[in-house]
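Please examine the model shown here with attention to its strand pairing and its protein-DNA surface. The explanation that follows takes these two topics in turn.

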There are 2 protein chains.
Amino acid sequence: MPGSTRTPTLADVAAAAGVSLSTASLAFSGNKPVSASTRERVLAAAGSLGYTGPNPLARNLRQGRSGVVGIAVGPLSTAFRDPAALPMLDAVSEVLEAAGMGLLLMGDSVEHARLPLDAVIYQICGQETWAAYDDLVARDVPLVVVEGPAWPGATFIDIDHRAGAAAVAHHLHDLGHRRVATLTLQESHPQREREAGLREVFPDAVTIGRCVSDLAATQEMVSAFLDGEPDVTAVVCQSDVQAAGVVLEARRRGIDVPGGLSVAGFDGIDTPWLDLDLTTVVQPFAEKGRATARAALARTNDEPADDVVLPVELRLGASTGPTVSR
Amino acid sequence: MPGSTRTPTLADVAAAAGVSLSTASLAFSGNKPVSASTRERVLAAAGSLGYTGPNPLARNLRQGRSGVVGIAVGPLSTAFRDPAALPMLDAVSEVLEAAGMGLLLMGDSVEHARLPLDAVIYQICGQETWAAYDDLVARDVPLVVVEGPAWPGATFIDIDHRAGAAAVAHHLHDLGHRRVATLTLQESHPQREREAGLREVFPDAVTIGRCVSDLAATQEMVSAFLDGEPDVTAVVCQSDVQAAGVVLEARRRGIDVPGGLSVAGFDGIDTPWLDLDLTTVVQPFAEKGRATARAALARTNDEPADDVVLPVELRLGASTGPTVSR
DNA sequence: TTGTACGCGTTATCAT
DNA sequence: ATGATAACGCGTACAA
């Protein structure tokens, strides 16, 4: 069929099938009943014209929605290097996909904020500001914020950081520890809450430092400390990656874990490359992701979405033990 | 201003500013010159009406593009657990963001294929088929395929798997190795090419098995083999994660690396948790990502995009050494 | 430099 | 069950 240059539209299909535009539309959407025979005629016409279905762009304009949810995660290699982010994101994308919605990775640019997004998820652990925020608020784009920070109008999905941290602390206290040190994350809602939970039990915990959740960075940070503070019998970390770093660095310096030092983490990630099960606080990653996606979907449909705080669970591993003087 | 219920449109702004619709449009897009005074009047009117800029949905329909590129990666936790995927994706998103385009994570569902995407990147190492493919082709969505499989009409971005694998093989041969074993990935273009490169030098290499790029899975797979084949002096892997798994498992069984066994990887990822630099083939992740994004952008603009094959580089580490009988 | 008028391709309302 | 018609909100020839 040479010369058929323009890609066919629904109007072309309707004409070819000898039905009205609206009937052809219904034959595709199924939003109202259409007799089997006409539907067949429409689909046949579509097939012979090479019509591949309603143009998503036009549908989007008409319906006032794009079918896309943005997720603000910052630089990918930072966001996804964190093993705690993956299972959560997996659950988010699964729920959204089941609802026919796409997930768009957003950088912190106004360009991205101006894409047609039905809702935006903020999952920027540790980053407290976001340049595109004002734009989104001005455009009334529904916001779902995972683990803070507190922004008016947003739906919050969180876990009980404080209770988890307190549970770890109590566990160590029960084991006889009295002098503990802690390694904190960059200033953020989770960091503040986890620290508060720790200090419910150990108000005087020594702060080793603030450190991103990275193995090498952690090792460097704790290196000097491990030699200098023989009184400390336990180190409480704010992530499992940090805890693994402390374990590796302690061993490198001849300190046994947990014989000479107890180490606790947070998150409950897999660490197959560590031959030791960490004592840690397990978060419900999948449920956190599902709750996040559900909230985004609800707000996309102008339904209300309640804030959520999910419980966590202390998991005892082999990285903590009774106090032993060094 | 109570009662102003409808969100303002460009027409409202134009009316309020006392200019025509097209002038108001130009004041925002800057596609044609507008006198400074009128532009100011338009922007002022926009401000007082709470107009937040042209509706992206309408703009998309008008311009026939969505500003979104899809990337097919399969389940996120699988795709992103692979450390080789991150730096590449990072580069992709950086280039796209600089061009004002968004990156959408696609699952293999027709729903996702029907989202308005300007182009789709396939980065599904090891998965040879993709349900949504036919839909995309039918709708003439430009396709960019990273590391195969071969699909007509798609732009290909690849690295020189075969040369890299051959370089590793030659290195081992130079060290005196004659009897080597190999651990392969799931059937795929990279797997076939890397294997071919190895067999240019070692046609009779023993295949230990086929295994995803996962530490635990690798350790399980090589466990039995390491005891059973004392003739083998080197193991060539198709990823660094596999290589790390072999190193760890060998040590666990009392075999020194490289004293008792040489191990080579592929990719050139960071392995801070391994106290040994792997001999490996370094791929240019960032450049691969940039080339991929550039191809997607070009094809979005109906420009041609040539296929790309990037060179790789052998990096000698401490995991390979001269032959020693076990 | 500014205004007029049309079309992008669809879905929703209303009537038949 | 089907058809006519009106938006959806914008960009851009073309004319002035």
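B:Thr182 has B:Val236, in strand 8 of chain B, as its bridge partner. In this predicted model, that pair belongs to the pairing of strand 6 (residues 180-184) with strand 8 (residues 234-237) of chain B, which runs in the parallel sense over 4 bridges. In general, the strands of a sheet pair through backbone hydrogen bonds, in either a parallel or an antiparallel manner.

Of the atoms of DNA strand C within 4 Å of the protein, 67% are accounted for by sugar and phosphate.

Individual contacts from chain B reach both phosphate and base. A polar side-chain atom of B:Thr23 lies 2.7 Å from a phosphate oxygen of DNA strand C, and one of B:Thr38 lies 3.0 Å from a phosphate oxygen. For B:Arg62, a polar side-chain atom is 3.0 Å from a base nitrogen of the DNA strand. Helix 2 (21-29) and helix 4 (56-63) of chain A, together with helix 2 (21-29) and helix 4 (56-63) of chain B, are the elements that give two or more residues to this surface. Helix 4 of chain A gives the most, with 4 residues. By residue class, the surface near DNA strand C divides into 9 nonpolar, 12 polar and 3 charged residues.

Notes:
Residues numbered from 1 in each chain as written. Chains lettered and ligands numbered in written order. Predicted model: local features only at pLDDT ≥ 70, side-chain atom pairs only at ≥ 80, totals over all residues. Heavy atoms only, no water. Pairing = 2+ DSSP bridges. Near = heavy atom within 4 Å. Polar contact = N/O pair within 3.5 Å; in protein donor to acceptor, adjacent residues only side chain to side chain. Nonpolar A, V, L, I, M, F, W, Y, C, P; charged D, E, K, R; others polar.
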